[in-house]
Amino acid sequence: MEALQDQLTSSVQEIGHLIDPVSTTARGEAAQLGHKVSQLARYFDPLIVAAVGLASKLHDHQQQMTILDQTKTLSESALQMLYAAKEGGGNPKASHTHDAISEASQLMKEAVDDIMVTLNEAASEGGMVGGMVEAIAESMGRLDEGTPPEPEGSFVDYQTTMVKYSKAIAITAQEMMTKSITCPEELGGLASQVTVDYGQLAHQGRLAAATAEPNEVGFQIKTRVQELGHGCIYMVQKAGALQLSPTDSFSKRELIECARAVTEKVSLVLSALQAGNKGTQACITAACAVSGIIADLDTTIMFASAGTLSPENEESFADHRESILKTAKALVEDTKLLVAGAASSQEKLAQAAQSSAKTITQLTEVVKLGATSMGSEDPETQVVLINAVRDVAKALAELISATKCAAGKPADDPSMYQLKSAAKVMVTNVTSLLKTVKAVEDEATRGTRALEATIECIKQELTVFQSKDIPEKSTTPEEFIRMTKGITIATAKAVAAGNSAQQEDVIATANLSRKAISDMLSTCKQAACHPEVDEDLRIKALQYGSECTSGYINLLEQVLQVLHKPIPEQKQQLALHSKHVAASVTELVQTAEAMKGSEYVDPQDPTVIAETELLGAAASIEAAAKKLEQLKPRAKPKQADETLDFEEQILEAAKSIAAATSALVKSASAAQRELVAQGKVGSILANAVDDGQWSQGLISAARMVAAATSNLCEAANASVQGHASEEKLICSAKQVAASTAQLLVACKVKANQDSEAMRRLQAAGNAVKRASDNLVKAAQKAAFDKTEDDSVVVKTKFVGGIAQIIAAQEEMLRKERELEEARKKLAQIRQQQYKFLPSELREDEG
């Protein structure tokens with residue numbers, strides 16, 4: 001089975017490599033065309049044999065059909081390519097065949113891509129793991145290669161990355177144990193993930209071994225990584241065997257044993273890394289613990305904000321105050337040891353990291369108990385206290401990270417300066433926590449203290465925002481815009497708190513401001529650092545984000561001044577600062593809108609659907625116009641030359657209508673874009689139904705224009721060829737005019753009548769009307785002239801004359817009955833169409 005897949009894959013790849021050479025030679029290298037085509041053709045016999053053989057080996061009927069269908073598609077597209085190449089014949093002057101050759105080659109490339117995707121999926125799901133085993137073995141072999149590449153980072157950098165990939169392999173191994181029992185068909189994807197992760201781990205292990213001190217540690221790291229590689233190979237092989245026999249209990253047991261062995265070998269790799277740098281490994285562990293603490297505090301803040309953080313027994317905040325102060329001071333001592341540990345031995349650094357993680361855990365617990373003891377009647381104060389300890393935990397995480405990077409570095413290394421800066425922030429946040437603890441019981445000052453802590457927190461957030469660090473993930477411009485709305489709400493809240501000068505309002509403002517600014521800064525940087533964002537837009541977004549934050553800090557500081565000195569002059573400054581923040585938010589939103597780009601649309605937006613239909617109608621009309629251009633008046637005997645001018649007039653009028661209608665639909669599309677830009681048509685929930693009705697009316701009208709024009713072209717062609725009456729041509733032209741009028745009505749519903757787009761739209765509509773009138777006049781004139789020319793020969797005999805009169809009267813009655821039936825049918829059609837028009841269009845037509 002694996003051999004068949006390799007054969008099929010090889011054939012498909014070879015065919016894919018020959019597509020461009022055949023396409024190129026077919027358009028201009030006649031001498032090479034035969035050779036290239038022969039090369040291409042000879043791969044199809046093994047392709048078909050391998051595809052049929054592989055399909056017969058697969059258990060999944062859907063996979064069998066997919067491979068056979070895609071092989072058939074590839075063969076058919078190749079045949080189309082060969083026909084197109086034959087037409088081109090390697091002649092560069094045969095330009096009319098070049099588009100067909102290019103189109104055929106593109107279809108063939110898509111067929112190759114589709115079948116390759118299917119083959120890769122089938123290999124993974126079918127237990128064919130030979131390629132994965134080879135990849136792991138190749139990664140293991142690189143560990144023993146000669147001189148490694150020049151390291152670009154430190155041992156700590158490689159150690160951190162190795163820990164991440166080692167844990168990822170362990171997690172996948174555990175998942176494979178579970179899937180071996182519940183979903184064996186998913187083992188292929190997990191085995192593929194292990195292969196990728198091990199490749200990264202081996203690469204980082206080679207660099208880590210080269211930078212480790214002493215050399216024995218580096219040797220141990222390489223040995224442990226290679227042992228893990230052997231374990232991964234066995235596990236991948238057992239996963240493949242189980243996929244081939246999903247019910248084999250022996251294979252399941254073997255896979256579970258291999259997965260356990262991989263987990264054990266991962267722990268050996270981690271211990272080797274830890275032996276190489278015990279202190280930095282302790283920093284990594286401590287950083288993970290602090291990260292969990294921050295997440296726990298975020299959850300606690302949510303409970304406090306909801307008013308559900310209530311004490312379980314009768315206690316007061318005073319019962320916990322001393323414990324909080326004592327633990328906070330102990331954390332300051334740990335901070336000093338942590339900074340000193342970066343320049344000392346790994347042993348001391350490990351002790352300091354472990355001690356700081358333990359102390360912050362204790363501090364978090366006592367602060368949570370203190371906040372709970374305050375009762376849920378004052379949730380804002382609870383949030384203030386928990387935010388204070390969260391700031392300390394966040395600063396400690398930054399300090400641990402800086403310590404890990406600075407470990408073993410000289411005193412003048414840039415990482416040492418970052419360490420000192422992080423230690424300063426840590427001390428500042430611990431001091432802020434102590435002040436908050438002392439102020440929470442004082443109703444006269446706790447709002448002021450909360451605002452001071454928020455201002456300091458926002459300044460720290462701004463410093464992180466202005467750093468060159470790239471965020472781990474990116475976000476969309478829509479999410480960025482959504483986050484800016486919080487700034488607007490918080491600004492209004494801050495101005496209101498400044499005017500009221502009530503401590504409760506100030507506390508609520510402090511909590512709201514902290515979250516609004518933090519969310520905005522994070523999403524701003526994530527959106528700005530998106531790979532597809534233009535560099536100028538990135539710079540603008542970061543600049544306006546900084547300006548907005550600085551303006552908001554000034555606003556909060558002004559609120560602080562009002563609290564200290566509540567005079568009218570100070571309160572008047574609040575409005576000026578709020579206007580500055582509002583202006584910055586506007587610039588942020590405009591930048592975010594620019595990030596979307598002109599091609600960024602919501603496919604479910606009804607206006608986008610309408611525009612797509614309009615452009616499709618325009619394309620249909622243009623195609624009809626091109627077809628009409630190829631029509632020629634039918635040849636007539638010389639005695640009938642008088643009607644030649646009429647036919648040419650019909651053709652010119654029909655061409656004019658097609659061209660004018662095409663311009664009309666394009667103008668309608670431009671008008672719609674203008675409506676969207678003006679905000680008259682949008683995706684606001686309140687107008688969703690209304691906009692949908694308008695868009696559906698616009699779509700319906702555009703389709704009617706396209707259909708009527710198509711009928712007109714057919715009628716004109718038939719009339720010229722002598723197969724249709726002038727009446728059919730007249731009806732078709734009138735229908736074009738009527739559908740054009742309906743399209744104009746649909747566009748005018750929400751349009752600005754003075755806009756340039758609407759003027760162009762009206763001009764295009766008038767062009768259609770004029771062209772239709774000209775065609776109707778020409779056809780009516782022809783019909784009238786024809787009526788005059790049709791002279792009636794009256795029989796002279798009496799009996800024959802009476803019979804002739806009776807026959808004429810009979811024909812007249814029959815024509816009148818047919819006319820009445822046609823009128824009733826037309827009325828019914830119009831009634832049915834009227835039911836499906838949006839209400840606003842019915843009113844306008846009425």
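The model is a predicted one, in which local features need pLDDT of at least 70 and side-chain atom pairs count only at pLDDT 80 or more, while totals for chains, interfaces and linings use all residues. Residues are numbered from 1 along each chain as its sequence is written, and side-chain values use heavy atoms, with hydrogens and water left out.

Helix packing comes first. Helix 19 (residues 535-564) and helix 20 (residues 568-596) pack with their axes 9 Å apart, at an angle of about 160 degrees. Helices here, of type H or I and at least four residues, are DSSP runs numbered from the N terminus, as are strands (E, at least two). The axes are lines fitted to C-alpha atoms, for helices over the stretch in contact, and the angles between N-to-C directions run from 0 to 180 degrees. Helix 19 is therefore roughly antiparallel to helix 20. That label goes to angles over 145 degrees, with under 35 counting as roughly parallel, 65 to 115 as roughly perpendicular and the rest as oblique. The contact of helix 19 with helix 20 has 14 nonpolar, 12 polar and four charged residues. In this sorting, Ala, Val, Leu, Ile, Met, Phe, Trp, Tyr, Cys and Pro count as nonpolar, Asp, Glu, Lys and Arg as charged, and the others, Gly among them, as polar.

A second pair is helix 12 (residues 318-341) with helix 14 (residues 379-406), packed at an angle of about 15 degrees with axes 10 Å apart. That angle is why helix 12 counts as roughly parallel to helix 14. The crossing of helix 12 and helix 14 is left-handed, meaning that the near helix is turned anticlockwise from the far one by less than a right angle (clockwise would be right-handed). Helix 19 also passes helix 20 in a left-handed crossing.

Helix 14 holds T403 too. T403 is buried, at 0% relative accessibility, where buried means under 20% relative accessible area, exposed over 50% and partly exposed in between (1.4 Å probe, protein chains only). The C-alpha atom of T403 sits 8.7 Å from that of L349, although the two are 54 residues apart along the chain. K424, by contrast, is found in helix 15 (residues 414-439) and is exposed at 64% relative accessibility. Between the C-alpha atoms of K424 and A395, 29 residues apart along the chain, the separation is 9.4 Å.

Two loops are worth a stop. E185 lies in the one between helix 7 (155-182) and helix 8 (187-211), and with a relative accessible area of 52% E185 is exposed. The loop between helix 17 (477-500) and helix 18 (503-528) holds A501. A501 has a phi near 60 degrees, a positive value in a residue other than glycine, and is partly exposed at 28% relative accessibility.

As for cysteines, the structure holds zero disulfides, a disulfide being a pair of cysteine sulfur atoms within 2.5 Å. C405 is in no disulfide, and the nearest cysteine sulfur, that of C283, is 9.4 Å away. C405 is partly exposed, with a relative accessible area of 33%.

Finally, UniProt lists residues 805-832 as "coiled-coil region" in an unreviewed entry. UniProt positions are given in the numbering used here, feature names are shortened, and annotations may be inferred rather than shown by experiment. In the model, residues 805-832 are 100% helix and 0% strand, with the end C-alpha atoms 41 Å apart.
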